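Keep the viewer open as you read.

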Amino acid sequence: MYPRAFSYHRASSLKDAATLLSQLGEGAKLLAGGQSLIPLMKLRFANPVHLVDLNFISGTSYIREQDGAFRFGPLTRHAEIEKSASVARVPILHDCAAGIADVQVRNRGTIGGSLAEADPSGDWATVLLTLSCEVRCAVQSSDRTLKLTEFLKDAFTTALAPDELVSEVIVKVPPENSGGAYIAFKRTAPVYPTASAAVQLTVEGDRCKDITIALGCVGLLPIRAREGEAALRGQQITPKLIASAADAARAAADPQSDMRGSADYKRQLVGALVKRATEAALRRARGQQVEVSHIYA
Amino acid sequence: MPEAAPGVSIQVRVNGKLHPREVEPRKLLVEFIREDLELTGTHIGCDTTYCGACTVLMNGAAVKSCTVFAVQADGAEITTVEGLAKNGDLHPIQKAFGDCYGLQCGYCTPGLMISALQLLKDNPTPNREQIRKAIAGNTCRCTGYQNIFKAIENAATTMRSPSHAD
Ligand SMILES: Cc1cc2nc3c(=O)[nH]c(=O)nc-3n(C[C@H](O)[C@H](O)[C@H](O)COP(=O)(O)OP(=O)(O)OC[C@H]3O[C@@H](n4cnc5c(N)ncnc54)[C@H](O)[C@@H]3O)c2cc1C
Ligand code: FES
Ligand code: FES
């Protein structure tokens, strides 16, 4: 399948890419990993007149740890994050990177492209919502830093202006005694999840000091299950309380029926995923090594 | 909307041989490999980034070549299934797929062997679970995968042996 014809521009720096975007106007699109954009172009759902390729810019694919935060370059591939030993100390980030599609897609796809795409089924936004995350956005001559919640506006919609790009993703390292887990239910590897749950918590003694729960693929944006969080925050975590949190998460979900399953099915599913992710997060917060894997139908 | 965008000059090294060519920007890497270079071992199955029949190594990393533009491979090193055999000798992965009946119709096989190559370069002693993850992006409609697991394990053993240089 061939996409519509387009002119190809190779950006030499992020600044150059932003300049090209503003010069070329609305018909221009950035090309990062291409793992969302190229399939859409082949199906002719996306028909850019100009494509600005970011892949030849050096120094845009990095993972730096600095001042208690991870800084990811816009072109940092899912596979690099999956393999990073420093990122593995924040296991929920590893769960996310390692579970996206398959080896080939992870070798190309980028964290910047994923957030910019804002696919309601994308994994990164769901996971990063449970952490403290900021997105640096740049135009030709200036940049600004947005909280992830300010960056994500709606399904496939972000706060980015047409000539603005994601230049860095900043994720705070969680405090001591924290643990998190991300579990998705997938029909096979190279498809988006049917539903997913991300849980990040901090323990103090035998109590849950703080917790964030985010649900994926069950709304136009990832959903914070705040009542579920409230059920556990400050409490000694028991199976009964986890079950209440899962019920609250089911109530917070706003799924739609589609080929992946009915709305009712997804609502049931997301509660079960919250339960499993909370149990794994808790064990990790207590210092146990817990391998987490997505569930494949 | 430009009817045909200007061609772009690229140089791609495929299986060790440098190919300077001019390509239309919308040409996919898999079409470049199959049509321009006439290396038809790399297959197109789904053409939608699902099946992995088009898998090649690009600078050492497995990619689905139906989801990369040829212009993006400018300056890159590509390995296709044709690059596996050396001087007429089958690569251990090729030999193992034959010995273990790791193929039936063979449509998926080039992509699976490239995914196996990527795995065994990074991890010479993979367990079943690691093999399963490594080939999760490759669909086989014939074999049921069991013999593919065996073939990759068999290839791993051969490639670990001191007599295998490469
Ligand atoms: C078979 C398959 C299965 C997949 N499964 C999953 C899955 O399970 N979970 C998941 O999360 N994802 C999945 N993906 C998507 C994958 O993670 C993509 O890599 C990701 O969504 C987009 O990243 P990219 O780098 O490929 O972006 P591209 O496709 O290059 O770009 C996507 C969009 O973002 C824009 N863009 C890219 N970079 C920037 C930037 N720096 N600043 C501003 N705009 C930018 C582009 O212009 C484009 O509109 C799957 C993809 C495929 C093909
Ligand atoms: S043809 Fe490329 S993934 Fe199927
Ligand atoms: S052998 Fe026929 S698809 Fe795999």
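How much area do chain A and chain B bury between them, and what percentage of it is on carbon and sulfur atoms? The two chains bury about 3000 Å², with 60% of that on carbon and sulfur atoms; buried area here is the accessible area (1.4 Å probe) that two parts lose on being put together, summed over both. Before going on, please note that this is a predicted model, in which local features need pLDDT of at least 70 and side-chain atom pairs count only at pLDDT 80 or more, while totals for chains, interfaces and linings use all residues. Residues are numbered from 1 along each chain as its sequence is written, chains are lettered from A and ligands numbered from 1 in the order in which they are written, and side-chain values use heavy atoms, leaving out hydrogens and water.

Back at the interface, 34 residues of chain A touch 38 residues of chain B, where contact means heavy atoms within 4.5 Å. Y2(A), A5(A) and Q104(A) together supply 22% of the area that chain A buries against chain B, more than any other three residues.

Charged pairs come next. Three salt bridges are found across the interface of chain A and chain B, a salt bridge being a side-chain nitrogen of Lys or Arg within 4 Å of a carboxyl oxygen of Asp or Glu. In one salt bridge, the side chain of K64(B) meets that of D102(A) at 2.6 Å, N to O. Over all chains, the count of salt bridges comes to 21. Another pair is R106(A) with E82(A), at 3.0 Å from N to O. R106(A) sits in helix α5 (residues 103–108) of chain A and E82(A) in helix α3 (residues 78–83) of chain A, so this pair ties together parts 24 residues apart in sequence. Helices (H or I, at least four residues) are DSSP runs, numbered from the N terminus.

Now turn to chain B and its helix packing. Helix α2 (residues 92–99) and α3 of chain B have axes that come within 10 Å and cross at roughly 125°. Axes are lines fitted to C-alpha atoms, for helices over the stretch in contact, and angles run from 0 to 180 degrees between N-to-C directions. That angle makes α2(B) oblique to α3(B); under 35 degrees counts as roughly parallel, over 145 as roughly antiparallel, 65 to 115 as roughly perpendicular and the rest as oblique. Residues making the contact include I93(B) and F97(B) of α2(B), and L112(B) and A116(B) of α3(B).

Which residues join helix α3 (residues 109–122) of chain B to helix α5 (residues 146–160) of chain B? Their axes come within 11 Å and cross at roughly 45°, and the two helices are therefore oblique to each other. On the α3(B) side the contact is made by L112(B), A116(B), L119(B) and L120(B), and on the α5(B) side by I148(B), I152(B), A155(B), A156(B) and M159(B).

Finally, α2(B) packs against α5(B) at an angle of about 140°, with the axes 8 Å apart, which makes this pair oblique. I93(B) and F97(B) of α2(B) are among the residues in this contact, as are I148(B) and I152(B) of α5(B).
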